[in-house]
Amino acid sequence: MSLSTVNTSKVVKQQYILKLKANFDAFSSLVWIQLLAILFSLGGVASQGFQSDGMSVSIKYFSADMVIAFTMIWGLVTAITITTKPYRYYDFSFVTNRVTSSLSNILYLCTASVIGGVTAVMAKGLLIIIGYFFLDFQLLDYYSQPFHVRDFLIGNIATVLYIIFICSIGYFIGALAQISKLFIAVIPVLFVGSMLLDGMMGREPIAMKILSFYFQESSFSLFVVKTLISTVLFFAASISILNRMEVRK
Amino acid sequence: MMLTILPAAIVFFLILIIAAIVIKGKKPVTLKFTYRLLLTYFIVLCISAATAAFVMGDSTGVKKIVSEENISKNVKDLEKQLNSGRYAEIPRESLIKHSSFDYHQPSIQVRINEYFNPRIFIDKKELDDGVIDVYAYTSGLYISGADFTNQIKAPTFSIMNDQLEINPPDNQQEINVSMIKNEFTITQFIGGGTTFFEPIEHNETMILLRIPKNLTIQDEENMYFLQYINK
């Protein structure tokens, strides 16, 4: 029996710092993924044309939507990855239990989401600069202010919250997959299957209803509450699942 | 030109990533490398964000914004002024071309290029001065309210073999505009996400022919387009 007492918050903090260092390479993939999304976005997210009396007007629309979407996918993959065996076994090199391990993982995912979210929103600037200097963008201002302070803040907070939420889903899927590998197949089958079934029955798919619950919420404060509660629930469920597992399973 | 090499650049970038993965194998990327990469990326993003704010101001050079009500009012006013022969009231910026031709025949035929669809107003002068005045008016070109009227090219007029030919501009005028849209994580809360496409306001060119008193226009084919002015 050890004579030294262990403080949970101290252990979580130490594990968080160690995990941040150990999993720091995930950020290099974040940079590559965002650069790739910027390249794809340079073709424009939409276009509009008009032709009349010997004149043609062409409008191309640009935004960092694709960068945000790619970052969300990166968040999902990162969250699933840290629940896999090699990452969990790494924990046993330190004084730990399932709860402290999960809490440090969650802190790591929150950090990753903040870095991913802020860089995704800021990628719009790089998109504008590349377009302006290399692709001869004729930018129509007035409606195209790139960084209005209020919009920038809302965009950053909302993007970070979305990524944290996606990470919590990824972490939950990863936790389920640790119980049984069957979940790896069951979750996508349930998702696609329900969409197909709802489509055949001529009603709005449940998946779309769930998505619109978050994506169509126009009140910012309500959105914050919805995503935070959902995130906490997913993380709590994941901790509960992982906590029931045997050591080194 | 850059747009044509963009797909090649994307393919090159993808090949580069795959090659890097193959060459690197399963060796982990060092902490130092990732730290430097992330720091460099973040600095680049900050500089880009700061520069983007300056870049936005000087691309199209369009400084005037017109409201939707004013755009439709301008169109109606121009039509009224041409219909009633009150040419002096027409704003100067609406006139994009004026040509005069000496013509002393009793009749003339008007031919319009098949790809051109203007409205033609005909005003018979009180004198038989032997001069045909042709005016081209525009009610403007507005993209999301931004005034691009000065970029409209004028049609061409010529008289050959008792025919007045009205053609679109010699070279097709191309106006390319890039618009930066807010991301869905912003439009979800401040609005603007549902009306993604911007309105383009442009009406047909209006041509005014001021012809000598005794000149008649022979134009069975295009009578539909001709509108005689009642002063």
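How many salt bridges does the rule count over all chains? The count comes to 10, where a salt bridge is a side-chain nitrogen of Lys or Arg within 4 Å of a carboxyl oxygen of Asp or Glu. The structure is a predicted model, in which local features need pLDDT of at least 70 and side-chain atom pairs count only at pLDDT 80 or more, while totals for chains, interfaces and linings use all residues. Residues are numbered from 1 along each chain as its sequence is written, chains are lettered from A and ligands numbered from 1 in the order in which they are written, and side-chain values use heavy atoms, with hydrogens and water left out.

Contact (heavy atoms within 4.5 Å) involves 76 residues from chain A and 69 residues from chain B. Together the two chains bury about 6900 Å², 70% of it on carbon and sulfur atoms; buried area here is the accessible area (1.4 Å probe) that two parts lose on being put together, summed over both. One salt bridge is counted between chain B and chain A: B:Glu183 joins A:Lys124, with the closest N and O atoms 3.5 Å apart.

Strand pairing also links the chains. Strand β2 (residues 55–62) of chain A runs parallel to β9(B), the two pairing over eight bridges, and within this pairing A:Met55 has B:Gln173 as its bridge partner. Strands (E, at least two residues) and helices (H or I, at least four) are DSSP runs, numbered from the N terminus, and two strands pair if DSSP finds at least two bridges between them.

Other salt bridges lie within a single chain. In chain A, Asp198 and Arg203 form one with their closest N and O atoms 2.6 Å apart. A:Asp198 counts as buried at 1% relative accessibility, whereas A:Arg203 is partly exposed at 43%; buried means under 20% relative accessible area, exposed over 50%, and partly exposed in between (1.4 Å probe, protein chains only).

In chain B, the side chains of B:Arg119 and B:Glu79 meet in a salt bridge at 3.1 Å, N to O. This pair links distant parts of the chain, 40 residues apart: B:Arg119 sits in strand β3 (residues 119–124) and B:Glu79 in helix α3 (residues 68–84). A further bridge joins B:Asp129 to B:Lys125, with the closest N and O atoms 3.1 Å apart. B:Lys125 is buried, with a relative accessible area of 10%, and shared partners place B:Lys125, B:Asp129 and B:Asp133 in one network of salt bridges.
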